[in-house]
Amino acid sequence: MNDEAAATPGLNLTAPPPIVHGRPVEIADGVYVIPDGRVPLVPNIGVILGDRAALVVDAGLGPRSGAVAHQIARELAGDRPLYLTLTHFHPEHGFGAQAFYDATIIYNRTQHDEFRQKAQGYLQQFQGLSSAVAKELEGVELTDPHITYDGGADLDLGGKIVELRTWGRAHSRGDQTIFLPEERLLFTGDLVENRFYPIFPYFPPYDVDVDSQNWITVVEALQGLAPLVVVPGHGELGDAGLLATTHEYLTRLRSSVIQLAAEGRSEGEIISLLAAQLHAHYPDWDATEPWRIATGVQTFLAL
Ligand SMILES: [Zn+2]
């Protein structure tokens, strides 16, 4: 594996098409997840029902997935007003937003600024990933929110309080968590995955905003919420153990990169050595996208 190949995002071309396809699963009273089914570029999507309104978390990749998510949300919510928010602006989480034509869309301000700055570039990058991805992005309309907030926003959906929070740069510049304090249930977006390697969107010169160091701090802050249920960006839901595993991975990667760089190893050597070590340490993680490890190494080398 050369460095360039290792750092180039690629998909498992034998994977199913990246379309939201699951049926909603009720994970707490009035809280549903449309599971990703571990399909690449399909996120876990949340639907949270209060007495008066419903909140959808993430919209899927493109108009077709957005329409599926919207239909399921409408089936669950009935005639309640819908809100839509995104864990972050990345295409598979947000580029289905246009299908929520009847929803009030809420982003944090940093996320919205990042979306406006980068969405067109990410659209082109994703269109180049595969014909299946390009197909899902046909007709995409980059959709702005109706409401932006700074720092945090609490929604009272009617007997259901939802806390939207930002934590500074980590996986993206505007990551947002969605926490239900009564249920102690946390949607993390791509700050946490389950048996997928964390994604470092480190694509110089186009995007170098991932902050691996602060990501570790953010995960520690999320551990402070003591969630009972954690819905990751991708992969099965779990408990606080998902946060602990993410923290272990990030700190393990950081210390290993620092140590190997101090030994004078090249970037390519570090990536090869660590890929072997990490695959052995996390044998049940999806290893079909080696660029995830390579870009992780590169972000820590760039500190
Ligand atoms: Zn992401």
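I began with strand β6, where Leu84 has Ile105 as its bridge partner. The model is predicted: local features need pLDDT of at least 70, side-chain atom pairs count only at pLDDT 80 or more, and totals for chains, interfaces and linings use all residues. Residues are numbered from 1 along each chain as its sequence is written.

**Entry 1**

I looked up the neighbours of β6 (103–108) and found four bridges joining β6 to β5 (82–85), the two strands running parallel. Strands here are DSSP runs of E with at least two residues, helices are runs of H or I with at least four, and both are numbered from the N terminus. Two strands pair if DSSP finds at least two bridges between them.

I then traced the open sheet of seven strands, in the order β1-β2-β3-β4-β5-β6-β7 and with mixed pairing. Its edge strands, β1 (25–28) and β7 (147–149), each pair on one side only. I noted an average twist of 25 degrees from one strand to the next. Axes are lines fitted to C-alpha atoms, for helices over the stretch in contact, and angles run from 0 to 180 degrees between N-to-C directions.

Which helices lie across these strands? I found α2 (62–77) across β2, β3, β4 and β5, at about 20 degrees to β3. Helix α4 (109–127) lies across β6 and β7, at about 95 degrees to β6.

**Entry 2: the core**

I looked up the largest nonpolar core and found 76 residues; Ala54, Val56, Leu82, Leu84 and Phe100 have the most contacts inside it. Helix α7 (241–262) gives the most to this core, six residues. Such a core is a set of buried Ala, Val, Leu, Ile, Met, Phe, Trp, Tyr and Cys residues joined through C-beta atoms within 7 Å. A residue is buried if 20 or more other C-beta atoms lie within 10 Å of its own, exposed if 12 or fewer, and partly exposed in between, with C-beta atoms placed from the backbone.

I checked Leu82, leaving aside neighbours within four places in sequence, and its contacts include Ala54, Val56, Phe100 and Asp102. Contact means that C-beta atoms, placed from the backbone, lie within 7 Å.

**Entry 3: strand β10 and its sheet**

I went on to a second open sheet, five strands in the order β8-β9-β10-β11-β12, again listed as mixed. Its edge strands are β8 (152–156) and β12 (229–232).

Is β10 enclosed or open? Five of its five residues are buried, so β10 is largely enclosed by the rest of the structure. I listed Gln176, Ile178 and Leu180 on one side, with Thr177 and Phe179 on the other.

Four bridges join β9 (161–166) to β10 in antiparallel fashion, and Leu164 has Ile178 as its partner. Three bridges join β10 to β11, also antiparallel. Across that pairing Ile178 stands opposite Phe187, and Leu180 opposite Leu185. In the hairpin of β10 and β11, with four residues between the strands, Arg184 takes a positive phi near 50 degrees.

**Entry 4: helix α6**

I looked up the buried residues of α6 (212–224) and found Ser212, Trp215, Val218, Val219 and Leu222. Seen down the helix axis, they fall within an arc of 100 degrees (taken from the directions from axis to C-beta atoms), so they line one face of α6. They pack against β10, β11, α7 and α9. The face turned away carries the exposed Glu220 and Gly224. Just after α6, I noted a positive phi of about 50 degrees at Ala226.

Technical notes. Two residues are in contact if their C-beta atoms, placed from the backbone, lie within 7 Å.
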